[in-house]
Amino acid sequence: MTFSVPSSLEAQLDELATHYPVKRSASLMFLHALQEHFGHITDEAIEWTARKLGLQPINVLELVTFYPMFRREKLGRTHVKVCRTLSCALAGSGELREHFCKKLGLDPHAHAPQTTPDGKFTVEFVECLADCGNAPVVLLNDDLLPKVSTAQADEIIAKGKGL
Amino acid sequence: MPEQHKLILKHADSPGYTPDIECYVRHGGYEALKKALGTAPRELPDGKKLSAQEVVREDVKASGLRGRGGAGFSAGLKWSFVDRRSGKPIYLICNADESEPGTFKDRQIIHKDPHQLVEGMIISCWANDVKLAYIYIRGEMPHGARLLEKALAEARAKNFLGKNILGTGYDLEIYVHRGAGAYICGEETGLIESLEGKRAYPRIKPPYFPAVLGLYMCPTIVNNVETLCHVKHIVTMGPAEYAKLGTPNNTGTRIVSLSGDVQKPGYFEIEVGKVTLGQLIFDANFGGGLKPGRSLKAIIPGGSSSKVLKAGEVFKLNRKGADGQMTKVDVPLLDLPYDFDSLQGAGTMSGSGAIIVMDDSRSMVDTLANLSEFYAHESCGQCTPCREGSLWMAKGLHRLAHGDGRKQDVEYLSHIAQNIQGRTICAFGEAAAWPVLSFVKKFKDEFVARGEADEAAKSAGPSRELKLAASPNPH
Ligand SMILES: Cc1cc2nc3c(=O)[nH]c(=O)nc-3n(C[C@H](O)[C@H](O)[C@H](O)COP(=O)(O)O)c2cc1C
Ligand code: SF4
Ligand code: FES
């Protein structure tokens, strides 16, 4: 597959770069937009970003490896981020993540992101999502779900399987 | 019974209140901006003349406003440190990274009343001669980022933002910048590096104080979302009236995030210092008490980085008597007024205003193990004591929490923590060390008992299977 950024996206990114007196500042915003479009960050996306912003590819790669939200590998269509941190843990987020993993045939003890072989789900633990009053919290793709029960987890799984 | 005092969240949760500019303007929005822009220059008794902008800066100082992001530093004083003689542009950054565990207050403002933040920012920018500003919002709030972008576009369309704002000749642009999941971007110099398109490695201070050498090595103001919202209300009310809210040196209101083992977790806006920790946890107006049959064990009073408080503790606080003399008085934990100075007096901090409550069903070993994992994961890795120490503490606590502890783990953990604090580039080092130091000191028996039990079990039989889960950190 050849790498190509649609012209509308490129125009949007060119505009974004004008928000900063120094173009390099736009790199995080570029990576967000490219990840949204392509699903993950490929070598080509890194090189493209570097070229656009007048950087070396390493300047972009070091961001991708530093910031947890950027991914080098393809993610599941349904991306489940369960909050691991204290308030959610007190409300049972550990058990909730285990439930997701077991139901999806993933290793319930592995901490890092895991994707199901059919590419439908990625499950991972993330740190405090800033909604601790609604613990346990799940970020489902872009949507924050409060007080998630195991029954709700089953619904998410059922829905995700159909996608 | 004390009640909430809603200044920042006055409208946010009212039925029918929406985040668009029409609704905001209907509720008196952008009147404070107009008032600020129309401020008259002031002549001081000594003949010194203050420009309109200087008047607003002085008012913010006089209001006593303290930063709501964590450190509680005077906002007016911070603004006064800005290097205005360098000839370089001055930048302002709104810290909307909201990532201190336990904190969920800025989220309410961003999602429900984004224009309040935008108005507070425009006023603050104008008062500080800022022409370009950014809102740095954490990556995990994509909807919040879109709401803010929409709010900025609406403000631009109404000429509250952009070129020649309301005909005053003042130009300002504000852009939204998204983080990407790293806690350290909340630290202001890490945030600045991140906004420059780099890894969020905090800068060493001195020399890199943002007020002098900030974004692009220019003078920069970094303020929290809630802090910037307060500026709007200081302009509306006037500093004297504003300072009547709260208590001396702890003025105004603040939004408290309450979570953990309470009946009604949630956010509550209070006058600073007018409500006690006990009231926040137990009153029906606030947390509504603990779960049935439970008793209080511990309170984390100001975000996960603050030192833990133990049920039953009594603190010696300075109090001004009727004669104006300072005396030391005994204040039990639950009677601590929730404000900056009282919590500091109790050896901890009110930090980001986030209270996490633990009842007697909780193991302090497991609780601390959870927190340490956070710090091990989030250390940026620049300083050896923080990078290695946070990982060692997490590994040690993981062992202790999973049946492989040792009696001397308490000493081991405090030893590491002591060797982190004060030896790092940024305050993350303290943030990682303080929970460990305070938990291990105040709940020492529990940590020792766990270690002893594990050792006894091990010596009883070598075949005992250890139930160690995967290493806590993928680092
Ligand atoms: C490790 C660390 C994390 C921080 N995280 C945040 C944060 O998420 N949000 C925030 O407003 N301030 C955070 N701060 C405090 C900022 O460095 C800075 O003091 C604050 O944004 C200043 O704003 P204020 O004076 O209005 O409080 C953090 C500090 C440290 C050391
Ligand atoms: S103290 Fe920790 S987080 Fe702060 S700069 Fe050093 S390594 Fe990074
Ligand atoms: S601890 Fe889970 S949202 Fe804060």
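Mentor: We shall discuss cavities, then a ligand, then strands and sheets. Please keep in mind that this is a predicted model.

Trainee: Which classes of residue make up the lining of the largest cavity?

Mentor: The lining of the largest cavity consists of 8 nonpolar and 5 polar residues, with no charged residues.

Trainee: Which space does ligand 2 take?

Mentor: Ligand 2 takes the space of the largest cavity. The cavity is found from the protein atoms alone, and ligand 2 is then placed in that space. There are 13 residues around ligand 2, and B:Cys380, B:Cys383, B:Cys386, B:Thr424 and B:Cys426 come nearest. The shell around ligand 2 is made up of 8 nonpolar and 5 polar residues, and no charged ones.

Trainee: What is the volume of the second largest cavity, and which residues line it?

Mentor: The second largest cavity has a volume of about 30 Å³. Its lining draws on two chains: A:Cys83, A:Thr85, A:Leu86, A:Ser87, A:Cys88, A:Cys128 and A:Cys132 belong to the lining, as do B:Pro101 and B:Gly102. Helix H5 (residues 86–90) of chain A gives the largest share of this lining, 3 residues. By class, the lining of the second largest cavity has 6 nonpolar residues, 3 polar residues and no charged residues.

Trainee: Let us turn to strands. How are the strands of a sheet held to one another?

Mentor: Strands of a sheet pair through backbone hydrogen bonds, and the pairing is either parallel or antiparallel. For a parallel case, consider strand S3 (residues 91–96) of chain B, which pairs with strand S4 (residues 132–137) of chain B over 6 bridges in the parallel sense. Within this pairing, B:Ile93 has B:Tyr134 in S4(B) as its bridge partner. S3(B) also runs parallel to strand S6 (residues 220–224) of chain B, to which 5 bridges join it. Here B:Cys94 stands opposite B:Asn223 in S6(B).

Trainee: Are the residues of S3(B) buried or exposed?

Mentor: A residue counts as buried when its relative accessible area is under 20%. By this cut-off, 6 of the 6 residues of S3(B) are buried. B:Tyr91, B:Ile93 and B:Asn95 point one way from S3(B), while B:Leu92, B:Cys94 and B:Ala96 point the other way.

Trainee: In what order do the strands of the open sheet in chain A stand?

Mentor: The order is S2-S3-S1-S4-S5, with 5 strands and mixed pairing. Strand S2 (114–115) and strand S5 (143–145) of chain A are at the edges with a single partner strand each, so one side of each has no neighbour in the sheet. Strand S1 (residues 78–83) and strand S4 (residues 138–140) of chain A run antiparallel and are joined by 3 bridges. There, A:Val82 has A:Val138 as its bridge partner in S4(A).

Terms used. Residues numbered from 1 in each chain as written. Chains lettered and ligands numbered in written order. Predicted model: local features only at pLDDT ≥ 70, side-chain atom pairs only at ≥ 80, totals over all residues. Heavy atoms only, no water. Nonpolar A, V, L, I, M, F, W, Y, C, P; charged D, E, K, R; others polar. 1 Å grid on protein atoms, 1.4 Å probe; cavity = no way out; pocket = protein on both sides within 12 Å on 5 of 7 lines; lining within 4 Å. Points joined across faces, edges and corners; volume = space filled by probe spheres on them. Helix = DSSP H or I, 4+ residues; strand = E, 2+ residues; numbered from the N terminus. Near = heavy atom within 4 Å. Sits in = over half its atoms within 2 Å of the grid points. Buried < 20%, exposed > 50% of the residue type's maximum accessible area, 1.4 Å probe, protein only. Pairing = 2+ DSSP bridges.
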